[in-house]
Amino acid sequence: MGESMCENIVKKHDDKVYCSDLNKAQVEKLAGLGAIGCDNNIEVAKNADVIISMVPKSEHVKALYEELLPFIDETKICIDMSTIDPSVSVEVSKMIKAKGAQFADAPVVKSKPAAINGTLGVLVGCEEKLFPIIEPILKYMGCNVIRMGENGKGLTMKICHNTLCAEIQNGVNETLLMAQKMGISPEDYHTAISYGGAQCFYLDAQWQNIANENWETAFSLENEHKDLGISQRLAKELNLDLPALQLVKSIYDKGMEAGIGKEDWRATYKIVRGDVK
């Protein structure tokens with residue numbers, strides 16, 4: 001995701017773009033598109049007015065901004081586009097703001113093809129006055145950009161979104177399996193669902209891949225497993241009992257235990273079907 005998002009920034013921004021990545025080949029590729037490759041994150045922070053980060057987990061975000069903190073001042077804007085625990089993001093935002101800088105959490109929705117095309121959805125948590133300043137930058141990467149509220153609210157919405165996606169997905173998996181067991185084809189199942197209120201984007205986009213046993217990854221099972229773990233922690237913080245969340249998380253747990261985390265998240269169909277124990 002971050003690879004294609006960064007490529008869109010480099011292609012669309014009319015000023016200097018500095019970049020760093022653990023994958024040096026990716027830095028070289030971006031440099032070939034016009035970016036200025038840097039040896040490390042500190043070099044980026046020293047040169048850039050707007051610092052955009054996207055890393056896997058909460059602990060990575062904390063470590064990154066602790067590393068950059070000595071080089072952050074009131075001239076900097078920090079935008080973290082990682083999907084992490086909202087509480088950790090709020091903690092980081094306070095750390096950055098204490099240096100006089102501004103901070104936004106801006107996780108994205110949709111998957112790799114949208115990242116390539118610059119048509120992601122971007123869910124933003126930041127101060128109201130900051131949003132119009134960073135919105136044009138975020139629109140390099142997404143066609144739908146919305147401010148959800150203060151710091152942490154973009155991430156809260158991202159977790160709500162991905163939890164709902166997993167719950168919808170499980171409903172599709174279970175009822176598609178039931179239909180197939182009764183001799184109804186995936187194509188006819190999809191057509192029939194489209195006539196009623198259960199029609200959904202996930203089914204429209206994935207039924208053919210499921211029917212063809214295509215588990216090639218656009219969004220991995222392990223990434224959704226991570227997001228559902230964040231959702232569980234958020235629900236616990238809010239003292240919420242969410243049984244559907246617990247069910248889908250258990251399915252993803254099975255997928256991780258079975259070693260199919262690198263496959264696309266629609267591979268959960270195999271778990272519901274009983275192929276993965």
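Q: Which residues do ring pairs link into a cluster?
A: Ring pairs join Y202, F219 and W265 into a cluster. Rings of Phe, Tyr and Trp (its six-membered ring) pair if their centres lie within 6.5 Å. This is a predicted model, in which local features need pLDDT of at least 70 and side-chain atom pairs count only at pLDDT 80 or more, while totals for chains, interfaces and linings use all residues. Residues are numbered from 1 along each chain as its sequence is written, and side-chain values use heavy atoms, with hydrogens and water left out.

Q: How many aromatic pairs does the structure hold?
A: A pair of aromatic rings is described by the distance of the centres and the angle of the planes. The structure holds 3 aromatic pairs. In one of them, the ring centres of Y65 and F103 are 5.9 Å apart and the planes stand at 80 degrees, so the pair is edge-to-face (planes over 60 degrees apart; under 30 is stacked, the rest tilted). This pair links distant parts of the chain, with Y65 in helix α4 (residues 58-68) and F103 in strand β5 (residues 102-105), 38 residues apart. Helices (H or I, at least four residues) and strands (E, at least two) are DSSP runs, numbered from the N terminus.

Q: What is the geometry of the F219 and W265 pair?
A: F219 and W265 are edge-to-face, 5.6 Å centre to centre with 90 degrees between the planes. F219 is in the loop between α10 (201-211) and α11 (221-237), and W265 is in the loop between α12 and α13, 46 residues apart.

Q: Is R266 buried or exposed?
A: Buried means under 20% relative accessible area, exposed over 50%, and partly exposed in between (1.4 Å probe, protein chains only). R266 has a relative accessible area of 3% and is therefore buried. R266 lies in the loop between α12 (243-257) and α13 (268-273). Its side chain reaches the backbone oxygen of E216 at 2.9 Å. Leaving aside neighbours within four places in sequence, R266 is in contact (heavy atoms within 4.5 Å) with residues including Q169, Y202 and E216.

Q: At what angle do α8 and α10 pack?
A: Axes are lines fitted to C-alpha atoms, for helices over the stretch in contact, and angles run from 0 to 180 degrees between N-to-C directions. Helix α8 (residues 153-181) and α10 pack at about 45 degrees, with axes 11 Å apart. That makes α8 oblique to α10 (under 35 degrees is roughly parallel, over 145 roughly antiparallel, 65 to 115 roughly perpendicular, the rest oblique). Among the residues making the contact are Q169 of α8 and Y202 of α10.

Methods: A polar contact is a pair of N or O atoms within 3.5 Å; within protein, one must be able to donate a hydrogen and the other to accept it, and residues adjacent in sequence count only if both atoms are side-chain atoms.
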